[in-house]
Amino acid sequence: GENVEQHPSTLSVQEGDSAVIKCTYSDSASNYFPWYKQELGKRPQLIIDIRSNVGEKKDQRIAVTLNKTAKHFSLHITETQPEDSAVYFCAASPRGVNFGNEKLTFGTGTRLTIIP
Amino acid sequence: ETGVTQSPTHLIKTRGQQVTLRCSSQSGHNTVSWYQQALGQGPQFIFQYYREEENGRGNFPPRFSGLQFPNYSSELNVNALELDDSALYLCASSAGLAGGDNEQFFGPGTRLTVL
């Protein structure tokens, strides 16, 4: 089955600086790669996702890059703000029967702390 | 705020007991996936229900079973509870459509403690 590794496990950056979180996956059949943000005691929330036909996707301060050959993908957050502090999870999945039917394998999470 | 709800919020059981957790999917969603999140870990896929049928299962023993109802709400049942079953149980619903992007919306979770 799929195995997703995520690094680093903790990351502290100064407010305004950039943060980068990296994930690798093992199953070449995976083609859906979402990133979730989970604040303490709350549910995971999707912040950005990418499918294998796209190498990069950006949404305001957040971007995800995908390298299918190397089987890795990364989350980039620019101009970090205190509200970006949370645990971030990457995930990977092969295509589902339909979109939304993916079975996600999650990484172990990165605790991001933004230092004011 | 998403429309996925779960009940109960918290639950305490003892080893060997059975538990049923419930999930109401967001309106219009036909797919429910269940995940187990141990403390400090990422969610682990348990199984998925699509239009009332099991549509894939993760590496969990048969004492983890589920059900999806005609209104697409779902139950997760765990028999013969073990201490290691203590975790946050998350369900996620999605539209499961043939086209377009469909994210999985997570519920708030049920915190299960097994003593």
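Student: Which residue does a disulfide join to A:Cys23?
Tutor: The model is a predicted one. A disulfide is a pair of cysteine sulfur atoms within 2.5 Å, and here the S to S distance is 2.0 Å. The partner of A:Cys23 is A:Cys90.

Student: Which strands of chain A hold A:Cys23 and A:Cys90, and how many residues apart are they?
Tutor: The pair links distant parts of the chain. A:Cys23 is in strand β3 and A:Cys90 is in strand β9, and the separation is 67 residues.

Student: Is the link of B:Cys23 and B:Cys91 left-handed or right-handed?
Tutor: B:Cys23 and B:Cys91 form a disulfide with their sulfur atoms 2.0 Å apart. In chain A, the link of A:Cys23 and A:Cys90 has -100° about the S-S bond and is left-handed. For B:Cys23 and B:Cys91 the angle is 75°, and the link is right-handed.

Student: What parts of chain B does the pair B:Cys23 and B:Cys91 tie together?
Tutor: B:Cys23 counts as buried at 2% relative accessibility, and B:Cys91 counts as buried at 0%. The parts tied together are 68 residues apart in sequence, because B:Cys23 lies in strand β3 (residues 19-24) and B:Cys91 in strand β9 (residues 87-94) of chain B.

Student: Which residues touch the most other members of the largest nonpolar core?
Tutor: This core has 23 residues. The elements of chain A that give two or more residues to it include β3 (19-25), β4 (30-38) and β8 (72-77). The residues that touch the most other members are A:Tyr25, A:Phe33, A:Trp35, A:Phe73, A:Leu75, A:Tyr88 and A:Leu112.

Student: Which residues is A:Leu75 in contact with, leaving aside neighbours within four places in sequence?
Tutor: Contact means heavy atoms within 4.5 Å. With those neighbours left aside, the contacts of A:Leu75 are A:Ala19, A:Val20, A:Ile21, A:Trp35, A:Ile47, A:Ile48, A:Ile62, A:Ala63 and A:Tyr88.

Student: How many residues are in the second, separate core?
Tutor: Among the members of this core are B:Val4, B:Val78, B:Leu81 and B:Cys91. B:Cys91 also takes part in the disulfide with B:Cys23. The second core has 19 residues.

Student: What kind of aromatic pair do A:Phe33 and A:Phe73 form?
Tutor: A:Phe33 is in strand β4 and A:Phe73 in strand β8 of chain A, 40 residues apart. Both have 0% relative accessibility and are buried. The ring centres are 4.9 Å apart with 50° between the planes, and the pair is tilted.

Student: Why is the pair of B:Phe47 and B:Tyr49 edge-to-face?
Tutor: Planes over 60 degrees apart count as edge-to-face. The ring centres of B:Phe47 and B:Tyr49 are 5.5 Å apart. The pair is edge-to-face because the planes are at 85°.

Student: Which backbone oxygen lies 2.5 Å from a polar atom of the side chain of B:Thr110?
Tutor: B:Thr110 lies in strand β11 (residues 110-114) of chain B and is buried, with a relative accessible area of 0%. Residues up to four places away in sequence not counted, B:Thr110 touches residues including B:Gln6, B:Leu21 and B:Tyr89. The oxygen in question belongs to B:Pro8.

Technical notes
Residues are numbered from 1 along each chain as its sequence is written. Chains are lettered from A and ligands numbered from 1 in the order in which they are written. This is a predicted model: local features need pLDDT of at least 70, side-chain atom pairs count only at pLDDT 80 or more; totals for chains, interfaces and linings use all residues. Side-chain values use heavy atoms; hydrogens and water are left out. A nonpolar core is a set of buried Ala, Val, Leu, Ile, Met, Phe, Trp, Tyr and Cys residues joined through side-chain atoms within 4.5 Å. Buried means under 20% relative accessible area, exposed over 50%, partly exposed in between (1.4 Å probe, protein chains only). Helices (H or I, at least four residues) and strands (E, at least two) are DSSP runs, numbered from the N terminus. A polar contact is a pair of N or O atoms within 3.5 Å; within protein, one must be able to donate a hydrogen and the other to accept it, and residues adjacent in sequence count only if both atoms are side-chain atoms. Rings of Phe, Tyr and Trp (its six-membered ring) pair if their centres lie within 6.5 Å; planes under 30 degrees apart count as stacked, over 60 as edge-to-face and the rest as tilted.
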